[in-house]
Structure formats: C-alpha cells, structure tokens
Amino acid sequence: MTALLLAVPVVLPILGAATALLGLPVRVTRPMSTLVLACVLADAVALLVLVDTRGPQAVHVGGWPAPLGITLVADRLSALLLAVSLLVTLAVLLFAIGQGTAEKRRSSAEVFHPAYLMLVSGVSLAFLTGDLFNLFVAFEVLLAASYVLITLDADGNRTRAGMTYMITSLTSSLLFLTFVGLVYAAVGTVTLAQLGPRLAELPDGLRGALALLLLAVLGIKAAIVPLHFWLPDSYPTAPAPITAVFAALLTKVAVYALLRTQTLLFPRSSVWTLLACVAIAAMIVGILGALAQDDINRLLSFTLVSHIGFMLFGLALFDTLGLTGTVLYIVHHIIVQAALFLAASLAVRHAGTTGMRRMAQGPPPRPLVAALFALPALSLAGIPPFSGFVAKLTLLRAGAWQGGTAAYALAATALLTSLLTLYAMTRVWTRAFMRQDPHPDRHDEPPPGKPAPGTALRPERRAVRRGTGLMTAATVVMVATSVAVAVCAGPLARVGERAAHELLDPREYRSAVMTEEGR
C-alpha cells in the first residue's frame, strides 16, 4: 500500500499525459485530466494521513535499496506540500477548462493537457524524491512542461518571455548538475539521507562552497533577490491559468528543495546571517517593485518575489519555531497566490486589459469577483484572522524568541513589507474593483456589431456563461481553501511543527530511506 501511495502522484499523471497524446477529442481529454488529478489528490491526502500517524515512508523502486536505486520518500513536509499543490493544480485545471470553453481555445487543448499533467508529475517527483539526481530530473521535467505551457498560443512578446525563462532555467540546471557531480565526487553518493554525515567530514571551506553553490542554484529557481530578474518578465505573459499555477508552485518547489537540502546536507545550530540578509533584500526589493507597477499581473509577480523572503525568514533562523512559520507560510502562499491570480484574471477578462489605469476607466467587475480578490489580498497582507496573519505571527514569534540583530531585522522588515503589501493591494482594489462605472446605462447594450441577446448567438452565449461559471467556481474553491487554512490554523500549525522537528532531527527520515524494505 505504501508503495502505491508514493508511486501514484508521479506515475499516474505520466500515464494520463501519454493517453492525452493519443489524439483523443477534447471532450474526452478534459474529464480524463480532471479525473487523474482528483485521484492523485485523494492519494496525496491519504499519504499525508499515513506519514502524520506513522512517520516518514519510503519505497525503493524496483526493489533496489538506497543508494543503488531510486527511492521515493515522504515525510510530513513533503506530503503536506504535495497535497496542497495538487489541490491547486486541480482547481487551476478546472479554471483552464472553463476558459477554454468560454474563449474557444480548442487548438491548444491537445498540447495543454499532456504538458499540464507532466508538470504535475514533475512537482510530485520533486517533493518525493530521495536523492539529488532525481531532484535534478524533477526540475527538468518541470522546465520542459512549463516552457510548453508558457508559450501556448504565443505571440512575439510571449515567445521572448519564454526564451528568457528557458535560458535562465537551463543555466540554473547546468549549475545544479555541476553541484550534483561535485557532491558525488566528494562523498560518493547523492542519496539525501546519506549526505549529511558524509558532507560533515569535508573541510569547512569545501563544504561552505558547496552550500553557497546550492543556494545560488535554488535561488535562481526560487526567484530569490538578486536572482529574480526573470520572473516578472516571464509569468505575466503566460495564459492566466498557467500564470496562476506557476506563481503558486514553481518557486515553492525550489523553496522546498532549499529547505530539504539545507537542513539535511548543511545543518546549522545558529542563525544563518547570509540568508537573513537575502531574505531582507527579497522582501524590500520585491514589494518596492510591486508598488512601481501599473500592470496587475506584474504587480502580483513582484509581490511573489517579495514574499519569498518570508519563507527564507524561518529557514534563516534555523530553529523549530522558525521552520514551523516557513512551512505555514508556504502552505498559505501556494493557495493565496493562486487565488489572487485567478481572481485578477476574472477582472482582466471583464476589463479587457491588465493595466490598472485603463481598468479604472471602465465599468467595475461583479461584486463576487471583487470579493474573491479582496479575501486573498487581505490574507497576503497578513490581516487577521486570515492565514497570512497566522503564518506571519509564527515567524515574528520565532524572531522575537531567537533574538539578536539578524532576527530583529528580519521581524522589522517583515512588518514593513506587510504594511507595504497592504498598500499595494489597496491600490489594486481602488483602481480595478472599486471604481465608479462611467457608463452605467450601457450594461444591457450588446457589443458593437453583435446581435442582441436572443438571436443567433444564443448557444455561444450559453457556452460563454458556462465557461465563466466554471472559472468563477474554481476561484471560489481556492478562496474558500485559503479561508479554511485560517479556520484550521491550530491543527495545521501542529502538523507544521512536527514537520519542522523532522527537518531539524532527520533520524526517522534517514531510517526510512536506508532500511532495505523502506517502511
């Protein structure tokens, strides 16, 4: 049973992608992709329950034990993030299906579904792999699938953005492969469970150089300042659901890899001052970049860069409370970032532009759309009682408990960034959602050149209405999930604390991986 639970999130999406490539009609591919993700989500929830009750679980593919074979391993951190990520991918898929129904993008459906399912498989492999080389493979699967998705129906601007994304990602991949080779040459293994004790035997200078190389590699993939330049130019150009899933997951996979590798390979007993400085720079540079934007998608992309700093906050402290805050913040941010981009997409679709000044000149979106943006925006800013407040409060408590110049500087910067985030979200709200309708009498007029309702376009109008309804329903699911995270903050915090304990004391993780039968 354990082997099945660990294999399904990686293997089932690959099988679904292969099936989607057989040239099946869209009316078959769409429900098949939805069913695949629903089954994988159910599997991930069962896996989370299993590891939370019985500890880390591992399976050796083909019966070859580590370090000879491929090992899939799940602990509380990886299982929790896997479940949350799969929930987001399912909701975004439903949004994309609705958008395809409304906007007639059937030409790209044959490419979208296989690439999207491969993206899900890559995310799952990144969370579950037990060695560095297969972590590299997972990132390559993500890179290939994401490049296909980001260039769907591409014009010149999107193609250029896709090339920037591809070149930057390939650069980080080459550096990552170099890191894997250096580690194997130095200690003779790439199995995560074995690397910590073996790397500890290396000279301090070599060990420090490897740690910095890994930080640079994952810093590019996580868009950590000053290696973030590619993200605001790449994500906003993609189709709306692709932007949402990229913003929610891709950088978080890299942050997860940073958490996993730094705690297993390069454990520390004190504050990591370098990472604290990087976290401070990320929070400030990102939010100032957001305040300078008029494009709503670029603004949200810069807030993403800024709030990566909050995740680094807890890792820099390197204690249980700090890592608990980081786990909570990753869960919160995955959900909230997806909800914000989906809600913004509904507003952009209504206005026909992503520029907030131009949006302010048209009629406001429906009150429901405004509410769907407002709730995750307040959560992102850390307003109580939303999930962002819970995660930030945990981080601030960790900073106060840790003490010292670096911890206090992190806490002060986090407070300032939260206030600036609230200001940025207020600007979006007033320009895109709370504007006065300049032409209140024109709502019932048909668009120029179009027949009035009730004529030949009635079936098409019904299709548009169904598509819009599915897009709205998917956004409602994401917003409701963000509220549920706040409601269930107590149990979630306890799971996060147990995950943090496992990160700082990985004996159970190593035992699960190195036993011949797994667990």
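Pro 226 is placed in the loop between H8 and helix H9 (231-234), where helices (H or I, at least four residues) and strands (E, at least two) are DSSP runs numbered from the N terminus. The structure is a predicted model, in which local features need pLDDT of at least 70 and side-chain atom pairs count only at pLDDT 80 or more, while totals for chains, interfaces and linings use all residues. Residues are numbered from 1 along each chain as its sequence is written, and side-chain values use heavy atoms, with hydrogens and water left out.

The peptide bond from Val 225 to Pro 226 is cis, with omega near 10°. Ala 223 also lies in the loop between H8 and H9; its phi is near 60°, a positive value in a residue other than glycine, and Ala 223 is buried, with a relative accessible area of 1% (buried means under 20% relative accessible area, exposed over 50%, partly exposed in between, with a 1.4 Å probe and protein chains only). A positive phi of about 55° is found for Phe 318, although Phe 318 is not a glycine; this residue is situated in the loop between helix H12 (296-317) and helix H13 (320-351) and is buried, with a relative accessible area of 6%.

By the rule applied, in which a cavity is a set of points on a 1 Å grid over the protein atoms alone where a 1.4 Å probe fits but cannot get out, and lining residues have an atom within 4 Å of a point, there are 4 cavities of 30 Å³ or more. The second largest cavity has a volume of about 160 Å³, the volume being the space filled by probe spheres set on the points, which are joined across faces, edges and corners. Helix H5 (132-150), helix H6 (156-187) and helix H8 (204-221) are the elements that give two or more residues to the lining of this second largest cavity, and H6 gives the most, with 4 residues. Among the lining residues are Phe 139, Tyr 165, Lys 221 and Trp 230.

In helix H20 (residues 507-514), Tyr 509, Ala 512 and Val 513 are buried. These residues cover an arc of only 95° around the axis, taken from the directions from the helix axis to the C-beta atoms, which puts them on the same side of H20. The buried residues of H20 pack against strand E1 (57-60), strand E2 (71-74), helix H7 (192-200) and helix H10 (240-265), contact meaning heavy atoms within 4.5 Å.

Key:
On a 1 Å grid over the protein atoms alone, a cavity is a set of points where a 1.4 Å probe fits but cannot get out, and a pocket is an open set with protein on both sides within 12 Å along at least five of seven lines; lining residues have an atom within 4 Å of a point.
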